2 protein chains.
Amino acid sequence: MRNTKQRDCIFDIVNSSYNHLNAYQIYDIAEKVIYNISLGTVYRNLAWLSEHNKVRTIVVDGIVRYDRNVVHDHFICNECKNIIDIPRNDNSNNYIDGNLVIDYDVKYVGICKKCLERKEKNGIKRKQD
Amino acid sequence: MRNTKQRDCIFDIVNSSYNHLNAYQIYDIAEKVIYNISLGTVYRNLAWLSEHNKVRTIVVDGIVRYDRNVVHDHFICNECKNIIDIPRNDNSNNYIDGNLVIDYDVKYVGICKKCLERKEKNGIKRKQD
DNA sequence: CTCCTTAATAGTAATGATTACTAATAATAG
DNA sequence: CTATTATTAGTAATCATTACTATTAAGGAG
């Protein structure tokens, strides 16, 4: 394994962002730093960083998003589609049904605080079936 | 909304399978019943069934898999890549950090029972970094 | 039952995220 | 400094999914 400025740059972008960026968004930012960086390089390094537990991933609507490597869960709002970080209470590795749990991730789905407040203000409206 | 034999067929396949089938696998089975069913029809109906909470989805390695609509979580084995159903303890809807939780899903990752036993038998070997 | 409206379908083309390929570049060991 | 080869840039290919369109058929009205 060799150190490259490309990998450092990609890691720094993921590690310093709180916005759950997807590969292309990371590429867009990396381009500002390394003008001719390749999209393939971004994908390759994101895969490497993910495999080596340097970054975490979350999949929303079939698109992989990358996240700094701090254990936490996610709340996805059905209304505004925002992803909100949820701190994790316990992080004990354990067995479940005899299977060794190395890691787990929780994805909550619902309506976020802001959207709840907005609905409150406007009077709650429900979509018709 | 109209009832079609295609939608019924697709629903039956998902609802009677324990194998977390992806869209193409469902298409393969559906073809045996309705010889000229279209892949697009399978996708369209899976989306509809999912939106209307008739089936559940789980994403593994970027591919959507479909599951009968019984609340449970999933364990994904890093070794054999099998998906194992994990019954859920509590299913209380609630608020978390002020956000209304409508549903959540837990994806455990680790080494499954069978693979643990196999490793035990062969002597535990770890991949080198 | 028959006709009509139109939702849903089959078949195919297009899209978009991701991966594969290849010649050129650059990180590191000697 | 030089040689080796991992990594890259650029581009083409893949593959899951979605969009499009002419045709079919569900189901309500007469």
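Predicted model: local features only at pLDDT ≥ 70, side-chain atom pairs only at ≥ 80, totals over all residues.
## Where chains A and B meet

Let's start with the contact between the two protein chains. Chain A brings 26 residues to it, and chain B brings 26 residues as well. On the side of chain A that touches chain B, β5 (83-87), β7 (99-111) and α4 (113-122) each supply at least two residues. The most comes from β7(A), with 13 residues. By residue class, this side of chain A holds 16 nonpolar, 5 polar and 5 charged residues.

## An open sheet in chain B

Chain B has an open sheet of 3 strands, paired antiparallel in the order β1-β3-β2. At its edges stand β1 (21-22) and β2 (55-60) of chain B; each has a single partner strand, so one side of each is left without a neighbour in the sheet.

Looking at one pairing in this sheet, β2(B) and β3 of chain B (residues 63-68) are joined by 6 bridges and run antiparallel. Here B:Val60 can be found opposite B:Ile63, a residue of β3(B).

## A hairpin in chain B

Moving along chain B, β4 (residues 72-77) and β5 (residues 83-87) pair over 5 bridges in the antiparallel sense. One facing pair to look for is B:His74 with B:Asp85, the latter in β5(B).

These two strands, β4(B) and β5(B), form a hairpin with 5 residues between them.

## Around DNA strand D

Finally, we come to the DNA. There are 28 residues around DNA strand D, and the ones that come nearest are A:Gln6, A:Ser38, A:Thr41, B:Asn3 and B:Gly40.

Which elements supply the surface near DNA strand D? From chain A, α1 (5-15) and α3 (39-51) each supply at least two residues, as do α2 (23-33), α3 (39-51) and β3 of chain B. The most is given by α3(A), with 5 residues. The surface near DNA strand D divides into 11 nonpolar, 12 polar and 5 charged residues.

How values were computed:
Residues numbered from 1 in each chain as written. Chains lettered and ligands numbered in written order. Contact = placed C-beta atoms within 7 Å. Helix = DSSP H or I, 4+ residues; strand = E, 2+ residues; numbered from the N terminus. Nonpolar A, V, L, I, M, F, W, Y, C, P; charged D, E, K, R; others polar. Pairing = 2+ DSSP bridges. Near = placed C-beta within 6 Å.
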